[in-house]
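Student: I would like to learn how to read a structure one feature at a time. Could we go through it together?

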Amino acid sequence: MIKGSLTLDPKIIRQDFPIFQQAVAKPLVYLDSAATSQRPSKVIDAEMEYYQKYNSNVHRGVYRISVEATEAYERAREKVARFINARSPKEIIFVRSTTEAINLISQTWGRTNIQTGDNVLLTEMEHHSNIVPWMMLCKEKGASLRYLEVDDDGFLSLDQLDSSLDNRSKLLAFTHASNVLGTINPAKEMIRRAHDKGALVVLDSAQTTPHMTTDVRDLDCDFMAFSGHKMLGPTGIGILYAREEILDRMEPFLYGGDMIKEVHKDSARWNDLPWKFEAGTPNIAGAIGLGAAIDYINGLGIDQIRAHERAITSRALDMVQSIPGITVYGPKDPDKRAGLISFNIKGVHAHDTASILDTHNVCIRAGHHCAQPLMEKLGVPATTRASFYVYNNNEDIDMLIHGIEAVKGVFKL
Ligand code: 7TS
């Protein structure tokens, strides 16, 4: 097997992750971080510490532990803001997930700003969470949905982007990296071109913020959405970023406690940013856990993480593609690809591949990956997908290859 040198040392990193420390007959080969990552002890401990030592609600009590909880929650927001280079923590809204962030945008900004005859531009490589909210909004408003096509190599066309935008294009919503093809889109350039035509931009960074530098000021996106659970953080916590002046003009998403300044029998005044968008008791432990995840990522270095994943992906691509009868989807150049590989073995259903790999304790995802329009484009019902993160090493790739050979053996291919 080819041995590539890696930027990070997954053997040491794994010691931080309890799931890899269990005494098991076969080591866990976890190749599904694009679905959800594992969490290091620092994240689990941060959540536990909150529950055990200063559990209380935020923004309410004057007593010590409530102040402590509020400070920890708001500190987490500041960490997120710094991590993506937002201008202010006011631009960081805690939500449940990427999915909720995009729904928030469509239900608030979208309902106010999209009118009959307008159009929203998406791409064929979007996750359902960046399609269905826009589909429903366009149906409600009598607006139309447009899609940028994905070419045979897994890329979008900037020319087609230009020609698809017109003076009724209110929004371009696209993923920074495809969760199926791995394609890293030229986000900055796409955003610039959309702005030139007067459209605002929603960037779905669920598959990039955990893996590479995300600088919202440099990208100049208007909105961005990502999830804590894909970046070593807890489930149930996600981020909506939006420029302050846009958030200022937006209506709240949910109404209730915490998002108000004052309420009378017939009227209410909204709270300041960012709390205007955080009705009710938030996921306090989740936010604190996400803050700990960001500390952990910063400790490794986001550029080192990208370099590590690039090296693993490059090696895995070479090895998977050299197996006869395998179709690999997406760009062939590892510089243009996030740390994931979708493939199919000729004559074998993706679910069978994943099930046989599971018998070797190799976890990979099979299915449509919540990207059915893309599956239609590729002409397949499903793919198998291996995705990588900081704890993956070359041995995991060797196990993947071994598993694929085993599948071929079972099917006598
Ligand atoms: N956008 C992209 C690009 C994604 O990959 C996902 C989740 C989402 C949005 C939704 O994130 P959520 O946290 O709100 O669920 N992608 C996957 C996946 O590829 N396998 O499982 C979930």
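Student: Where is lysine 139 placed?

Tutor: Helices are DSSP runs of H or I with at least four residues, and strands are runs of E with at least two, both numbered from the N terminus. Lysine 139 belongs to helix H5, residues 132–141. This is a predicted model, in which local features need pLDDT of at least 70 and side-chain atom pairs count only at pLDDT 80 or more, while totals for chains, interfaces and linings use all residues. Residues are numbered from 1 along each chain as its sequence is written, and side-chain values use heavy atoms, with hydrogens and water left out.

Student: Is lysine 139 buried or exposed?

Tutor: A residue is called buried under 20% relative accessible area, exposed over 50%, and partly exposed in between, with a 1.4 Å probe and protein chains only. Lysine 139 counts as exposed because its relative accessibility is 61%.

Student: Which residues of H14 are buried?

Tutor: Among them are Asn394, Ile397, Leu400, Ile404 and Val407.

Student: What span should H14 have?

Tutor: The expected span of a helix is 1.5 Å times one less than its number of residues. For the 17 residues of H14 this gives 24 Å, which agrees with the 24 Å between its end C-alpha atoms.

Student: Which residue caps the N-terminal end of H14?

Tutor: Asparagine 393 does so, with a side-chain oxygen 3.2 Å from the backbone nitrogen of glutamate 395. Such a polar contact is a pair of N or O atoms within 3.5 Å; within protein, one must be able to donate a hydrogen and the other to accept it, and residues adjacent in sequence count only if both atoms are side-chain atoms.

Student: What should I look for in backbone angles?

Tutor: Most residues other than glycine have a negative phi, and most peptide bonds are trans. Leucine 232, although not a glycine, has a positive phi of about 75°, and leucine 232 sits in the loop between strand S7 (223–227) and strand S8 (238–242). The peptide bond from leucine 273 to proline 274 is cis, with omega near 0°.

Student: How many residues surround the ligand?

Tutor: A residue is near a molecule if one of its heavy atoms lies within 4 Å of it. Here 17 residues surround the ligand, and Thr99 and Ser227 are among the closest. A polar side-chain atom of threonine 99 lies 2.5 Å from an oxygen atom of the ligand, and for serine 227 a side-chain N or O atom is 2.6 Å from a ligand oxygen atom.
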